[in-house]
Amino acid sequence: SWLWENVERMLRALMGKPAAQERALAALYGSLDESALMVIRKEVYQKFFALAPAGQDFFKQSTTRLYFIADKLVAMTLDMYKEPKRMVEDI
């Protein structure tokens, strides 16, 4: 079917690229200073709450806790490349 042919085409286009993407993402995260990380932390929630306003009802924690969660998201993004099987199990 058209859907699965497109899925196959997109997956084939990505074959062999995750290693390069992992290196690029690790280099990016490694190059960020604390002020850049703070911008990312804030942007994560601004974007999330803009897309899903109801999410504000579930995230009533302190700003410090929200930033901790954002840091975990960043780490998990990189771990998805490093250890995809473990991340699937963890999630």
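Modeller: Start with the order of elements along the sequence, which here follows the pattern α-α-α-α-α. This is a predicted model, and its secondary structure comes to five helices and zero strands.

Colleague: How is the overall spread of the chain judged, and what is its radius of gyration?

Modeller: The radius is set against the value that the globule rule gives for a chain of 91 residues. That rule gives 12 Å, and the chain has 16 Å, well over it, so the chain is more spread out than a compact globule. Along the principal axes, the C-alpha atoms fill a box of roughly 45 × 35 × 25 Å.

Colleague: What share of the 91 residues is buried?

Modeller: Buried means under 20% relative accessible area. Buried residues make up 13% of the chain.

Colleague: How do helix 2 and helix 4 pack, and at what angle?

Modeller: Look at the angle and the distance between the axes. Helix 2 (residues 18-31) and helix 4 (residues 63-82) pack at about 150°, with axes 9 Å apart. Angles over 145 degrees count as roughly antiparallel, so helix 2 is roughly antiparallel to helix 4. Their crossing is left-handed.

Colleague: Which residues of helix 2 and helix 4 make the contact?

Modeller: Helix 2 contributes Pro-18, Gln-21, Glu-22, Leu-25, Ala-26 and Tyr-29. From helix 4 come Val-74, Thr-77, Leu-78, Tyr-81 and Lys-82. By type, the residues of this contact divide into seven nonpolar, two polar and two charged.

Colleague: And what part of the chain's contacts with a separation of 6 or more joins residues 24 or more positions apart?

Modeller: Such pairs account for 54% of those contacts.

Technical notes: Residues are numbered from 1 along each chain as its sequence is written. This is a predicted model: local features need pLDDT of at least 70, side-chain atom pairs count only at pLDDT 80 or more; totals for chains, interfaces and linings use all residues. Side-chain values use heavy atoms; hydrogens and water are left out. Axes are lines fitted to C-alpha atoms, for helices over the stretch in contact, and angles run from 0 to 180 degrees between N-to-C directions. Helices (H or I, at least four residues) and strands (E, at least two) are DSSP runs, numbered from the N terminus. Angles under 35 degrees count as roughly parallel, over 145 as roughly antiparallel, 65 to 115 as roughly perpendicular and the rest as oblique. A crossing is left-handed if the near helix is turned anticlockwise from the far one by less than a right angle, and right-handed if clockwise. Contact means heavy atoms within 4.5 Å. Ala, Val, Leu, Ile, Met, Phe, Trp, Tyr, Cys and Pro count as nonpolar, Asp, Glu, Lys and Arg as charged, and the others, Gly among them, as polar. The radius of gyration is taken over C-alpha atoms; the globule rule is 2.2 Å times the number of residues to the power 0.38. Buried means under 20% relative accessible area, exposed over 50%, partly exposed in between (1.4 Å probe, protein chains only).
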